[in-house]
Number of protein chains: 2
Amino acid sequence: MVNVAILGYGVVGSGVGEILYKNGQHISERVANKVNVKYILDRREFPDSVFADRVVHDFSVIENDPEVQIVVETMGGVPFPLDCTRRALKAGKSVVTSNKELVATHGCELLKLAKENHCSYLFEASVGGGIPILRPMTSCLAANELQEIVGILNGTTNYILTRMIRAGLSFDAALKEAQANGYAERDPSADILGWDACRKICILSSLGFGRHIYPDQVPTEGITGITLSDVAYARSGGYKIKLLGRSIRRDSDLKVCAYVAPHLVAEDSPLANVEDVFNAIQVTGDSIGDVMFYGRGAGKLPTASAVVADVMDIVRMKGKKVISWEEGGEDTVYSVEEIANQWYVRVAGDFAVEGTRRLRNGDAKDGENAFITDEALTPAQVRELTKDMDVKAMYRVL
Amino acid sequence: MVNVAILGYGVVGSGVGEILYKNGQHISERVANKVNVKYILDRREFPDSVFADRVVHDFSVIENDPEVQIVVETMGGVPFPLDCTRRALKAGKSVVTSNKELVATHGCELLKLAKENHCSYLFEASVGGGIPILRPMTSCLAANELQEIVGILNGTTNYILTRMIRAGLSFDAALKEAQANGYAERDPSADILGWDACRKICILSSLGFGRHIYPDQVPTEGITGITLSDVAYARSGGYKIKLLGRSIRRDSDLKVCAYVAPHLVAEDSPLANVEDVFNAIQVTGDSIGDVMFYGRGAGKLPTASAVVADVMDIVRMKGKKVISWEEGGEDTVYSVEEIANQWYVRVAGDFAVEGTRRLRNGDAKDGENAFITDEALTPAQVRELTKDMDVKAMYRVL
């Protein structure tokens, strides 16, 4: 029997409990061992849960119980989860988490700690909810040198953009609808400002390219500036606007650049057709070319099923599954200023610009126009091109 | 050092050699061991290859060399590969293959043989080329009870259909183009008649649902009957025609039904936007909902990189990676006659049919029309509906 403690019995944590209970027999057969929920750590009590008698309020009970082999951390936030994770790993207990902020900011340290203590630190659920992505990157694509990772990493913003594109809702109206449907939090900042996508591209990039990249090294722009006018101009050119997290490894010195920003994506590309709360992550390798992983990027059971898959891996491999990447720093990244793209630009005034293709928009306000540059330009080049213009919006074209 | 023998040095086999040579250092670091190509078995000699001195013509050299731990079978066909695989496994050597026909027809036996001899039989490359699909199904989705698997499993037919849809080529013209581009073989039967997709859905279904399903249990229809008229009617209704392999597990008795047939797929669904030689496989689980895996379904390096990933897994896990499924038979499958779908029907004559939505097609021949049924019908029900009509084409709507 393998004993698990679940820290935080909110949406994901209770989903983990539900799957371990409901699919218990199936799971036991697959891993040839019984997986038992021994403790649930939460401030609250859960008198109606099947695990009502397992609730504890003090992490040291779990830390000091040698029977607990696996700790599932589904609390969110950083300081307390970080403390618990460190203590669990030091006690030789493997830890599984869905906490992207913690992995993005302290992953390198925690992976090292796990290795030193001969246990595992796994976090499949931290990126893409239930979509299998981290494990395929480390195993199935292992024969490849990866070159680029790009994806729709946040379901809330993708839902908002889908509603703007399909139903013609304004950003504010689409956000309100997302909140009413439970797809956006009351304080939606982390989603709409791109922070959530930023944490996820940090994790993908660290794992895919082997060196930790931290959120403050990733220029991040959200979707709050996108208007229906941009949506219409994009459509007239055959594009949809999507918020993408992107990380590119430079061949010459193996440095990495990651950023988060809205992009215009060609309508008939696979990424453009990822709608609503779905996520998709495209990985490019030297042998395999492009592969894409698609599915629900959030939600109780999808995310919980990824957590449980990690738990099962630990049981099967007896905590010997080791993921690692090296420490990163200033000298392992290069600037987003060096990355050239075609650009979409919306400006005040009605004039043509050489070297660009003008977009048409039946609903455009008078005295406004938009274009896409013919050539890929660096940010400095597009700033130079538009320096005498009254720029209203400017997005990369993928 | 781990010694590998490659059986068959054609497209995929030489790709495996190329990746092991080119990415050798990177691979060695990842698996903490050197992977050495000791033998290549082929009828031919390869004087210009870096492995020219490793070529042998008799399998027993490999079989009897205790230094060979892993055999890569990339020959294709069944009788000789089957013989070699049995002998390798009995000698305790793990086997990695890209041979879908062999896995679809003898997978259950060979997996059992591997288990008995404490070695591995892996075949990630047999489905979806380089797309990671089998490994995620067994690990990442392990916490799920799977319900359905559906996919675009054959790149050749998807290329032909894409060219019919996008460029208005006839089936024959599109096939010729595919042959000219190297996407279709001189004898394209296995692709265009659906046999290749059939073998792949057999493997996916066996792995996903735990019991072997054999090609002769899978009703299989290819794409040779699809006309430009069908393409145009489908478009007018907002659909694209795609050849799908599909397998559905029935909750009540856990029996499985698999089939291969062209389907009309809604234009804005992720599967519809899988174009050219790309493949995509969608898996539905009880916790995770739908996830989709997308990438190049064939090609030398994508397929070879999946083979090498399996080799690396075996090195890492010292041949202890065990996949298995049970034997299947008549009592583990149910009939495709029990599966209800909406149907697209093209018929001679110009008349309306109750309970259907008529499609428009500007290029339609006089005296022909097409419709989609409002309700999901079983094959018997749609045959009854159309029994007095001159049916020209009839495809399911997904």
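In chain B of this predicted model, the axes of helix 4 (residues 79–90) and helix 5 (residues 100–116) come within 10 Å and cross at roughly 15°. Helices are DSSP runs of H or I with at least four residues, numbered from the N terminus; axes are lines fitted to C-alpha atoms over the stretch in contact, and angles run from 0 to 180 degrees between N-to-C directions. Helix 4 of chain B is therefore roughly parallel to helix 5 of chain B, a term for angles under 35 degrees.

In this packing, Pro81(B), Leu82(B), Thr85(B), Arg86(B), Leu89(B) and Lys90(B) of helix 4 meet Leu102(B), His106(B), Glu109(B), Leu110(B), Leu113(B) and Ala114(B) of helix 5, contact being heavy atoms within 4.5 Å. By class, the contact residues comprise 7 nonpolar, 2 polar and 3 charged (nonpolar: Ala, Val, Leu, Ile, Met, Phe, Trp, Tyr, Cys and Pro; charged: Asp, Glu, Lys and Arg; polar: the others, Gly among them).

Between the chains, the contact takes 41 residues from chain B and 41 residues from chain A. Chain B and chain A bury about 3500 Å² between them, 54% of it on carbon and sulfur atoms; buried area is the accessible area (1.4 Å probe) lost on putting two parts together, summed over both. In chain B, Cys140(B), Ala143(B) and Tyr294(B) lose the most area to chain A, together 16% of what that side buries.

The two chains are also joined by 4 salt bridges, each a side-chain nitrogen of Lys or Arg within 4 Å of a carboxyl oxygen of Asp or Glu. The side chains of Lys22(A) and Asp286(B) form a salt bridge at 3.9 Å, N to O.

Residues are numbered from 1 along each chain as its sequence is written, while chains are lettered from A and ligands numbered from 1 in the order in which they are written. Local features need pLDDT of at least 70 and side-chain atom pairs count only at pLDDT 80 or more, whereas totals for chains, interfaces and linings use all residues; side-chain values use heavy atoms, with hydrogens and water left out.

Methods:
Helices (H or I, at least four residues) and strands (E, at least two) are DSSP runs, numbered from the N terminus. Angles under 35 degrees count as roughly parallel, over 145 as roughly antiparallel, 65 to 115 as roughly perpendicular and the rest as oblique.
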